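Take a first look at the fold below.

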Amino acid sequence: MAMKAFFDESGLNPHTDKALVMGGYLGTVEEWERVSEAWDECLHALPRIEYFKSDEAKNLQGQFLRFNRATANQKKNDLAAIVGVSGLQGFCASVQHKLLAHRDPVATKRTAGSRTYDWGFFTATSGVLQYVKDHHPEEIVDFVFDERRELGQCISLLSQLKELAQEYGAWVNVFSRAGVCIPADDKTTAALQMGDLLAGEFSSMGNIGNPPSEAWRLLTTHHEIAHISCDLPWAIPILIAIQGWGKQIQDTSGKILKRIYKDKERTPELAADCDDLIAKQVLYETAINTLMEIHQSDEGFRYFQKIIRKQNMSE
């Protein structure tokens with residue numbers, strides 16, 4: 001009895017959203033085929049649309065351009081009812097943007113786990129795998145995510161998690177249950193549209209503060225949605241912020257070298273800037289070393305360090 005999980009995302013903008021939400025469903029291949037067929041029939045029932053997107057339904061754009069608010073809500077509710085009475089299990093994984101508010105995108109460009117999306121992906125996959133371990137202990141789960149630029153590194157990350165899990169007994173029973181993970185187009189994949197609907201409704205409540213909608217009530221008709229909030233290890237935001245600090249020191253070093261060797265500057269201001277740079281470098285190295293010493297006995301943190309090293313070697 002093969003199982004698949006499909007996830008789409010909402011709340012990606014850290015300036016307007018409190019949290020990233022990964023919404024998706026887990027089910028058997030047979031159940032996915034049955035529900036996807038019913039979903040497709042509902043899409044093409046009058047008033048007809050070719051695919052569902054929460055943002056388009058909300059803003060009466062795209063497929064919902066010729067709809068009014070009442071007909072758009074009715075179409076969304078009809079689709080929600082199909083999923084709500086199915087045998088699919090829903091999941092919403094959330095990651096607060098403020099956890100990584102001090103991330104430097106340039107300094108952490110190739111660092112696994114430095115983006116909110118990475119932790120949304122990790123929380124969603126690990127949450128599903130833990131659920132399968134508890135409720136379907138003999139099953140392997142294949143994952144499908146909406147295609148995004150960030151996804152490639154996350155798929156590589158999942159592969160490394162599976163490999164490293166063999167070294168850590170506490171993780172092996174979870175990540176050894178992961179099958180393949182692939183991207184797909186949510187405009188042509190009904191299961192991803194279901195995830196988009198779920199993520200959109202959850203984000204509407206969590207990010208905007210709206211009360212539960214009729215669509216949400218219908219989605220939860222037979223099954224509660226499992227909400228998994230990302231419990232980020234406290235050291236990770238600090239480590240990522242320190243990486244940004246290191247990038248600033250590196251940039252300042254380059255500017256000072258230019259002043260010394262190209263501009264031939266010999267001023268008291270240059271000497272003061274060099275002293276300031278040395279002091280910042282000492283503090284940076286002290287912060288890194290202290291953080292590592294504190295967490296040498298932390299299995300989860302060492303696990304994360306290994307993932308970062310493997311990710312950097314593969315880039």
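In which sense do β1 and strand β2 pair, and over how many bridges? They pair in the antiparallel sense, over eight bridges.

## Ground rules

This is a predicted model, in which local features need pLDDT of at least 70, side-chain atom pairs count only at pLDDT 80 or more, and totals for chains, interfaces and linings use all residues. Residues are numbered from 1 along each chain as its sequence is written, and side-chain values use heavy atoms, with hydrogens and water left out.

## Overview

The protein has 11 helices and six strands. Both are DSSP runs numbered from the N terminus: helices are H or I with at least four residues, strands are E with at least two. Of the 315 residues, 47% count as buried. Buried means under 20% relative accessible area, exposed means over 50%, and partly exposed lies in between (1.4 Å probe, protein chains only).

Contact means heavy atoms within 4.5 Å. Among contacts with a separation of 6 or more, 75% come from residues 24 or more positions apart.

Strand β1 covers residues 3-10. Seven of its eight residues are buried, so the rest of the structure largely encloses it. Two strands count as paired if DSSP finds at least two bridges between them. Strand β2 (residues 19-28) is the antiparallel partner, and S10 stands opposite V21 in β2. Strand β4 (residues 141-146) runs parallel to β1, joined by five bridges. There, M3 stands opposite V141.

In a regular strand the side chains alternate between the two faces of the sheet.

## Two nonpolar cores

A nonpolar core is a set of buried Ala, Val, Leu, Ile, Met, Phe, Trp, Tyr and Cys residues joined through side-chain atoms within 4.5 Å. The largest one has 35 residues. Those with the most contacts inside it are Y25, W39, F52, M194 and L219. β2, α1, α3 (69-84), α7 and α8 each supply at least two residues of this core. α7 gives the most, with eight residues. Apart from this core lies another, of 34 residues, among them M22, F91, C154 and A178.

Which residues does W39 touch, leaving aside its neighbours within four places in sequence? W39 is in contact with F52, L79, I82, V83, A190, Q193, M194 and L197.

## Where α3 meets α7

The axes of α3 and α7 come within 11 Å and cross at roughly 110 degrees. Axes are lines fitted to C-alpha atoms, for helices over the stretch in contact, and angles run from 0 to 180 degrees between N-to-C directions. That makes α3 roughly perpendicular to α7. The angle classes are these: under 35 degrees is roughly parallel, over 145 roughly antiparallel, 65 to 115 roughly perpendicular, and the rest oblique. K76, L79, A80 and V83 of α3 make the contact with M194, L197 and E201 of α7.

## Aromatic pairs

Rings of Phe, Tyr and Trp (its six-membered ring) pair if their centres lie within 6.5 Å; planes under 30 degrees apart are stacked, over 60 edge-to-face, and the rest tilted. By this rule there are 11 aromatic pairs. The rings of W39 and F52 have centres 6.4 Å apart and planes at 90 degrees, so this pair is edge-to-face. W39 lies in helix α1 (residues 29-44) and F52 in the loop between α1 and α2 (54-59), so the pair ties together parts 13 residues apart in sequence. W39 and F52 are buried.

F202 and W216 form a tilted pair, 6.1 Å centre to centre with 50 degrees between the planes. F202 lies in helix α7 (residues 190-208) and W216 in helix α8 (residues 214-219), so this pair ties together parts 14 residues apart in sequence. F202 is buried at 15% relative accessibility, and W216 is buried with a relative accessible area of 15%. Elsewhere, F7, F121, F143 and F145 form one aromatic cluster.

Most residues other than glycine have a negative phi, and most peptide bonds are trans. A cis peptide bond joins L46 and P47, with omega about -5 degrees. P47 sits in the loop between α1 and α2.

L60 has a positive phi, near 55 degrees, and is not a glycine. L60 lies in the loop between α2 and α3 and counts as partly exposed at 23% relative accessibility. K264, also not a glycine, has a positive phi of about 60 degrees. K264 lies in the loop between α9 (235-262) and α10 (268-294) and is exposed, with a relative accessible area of 58%.
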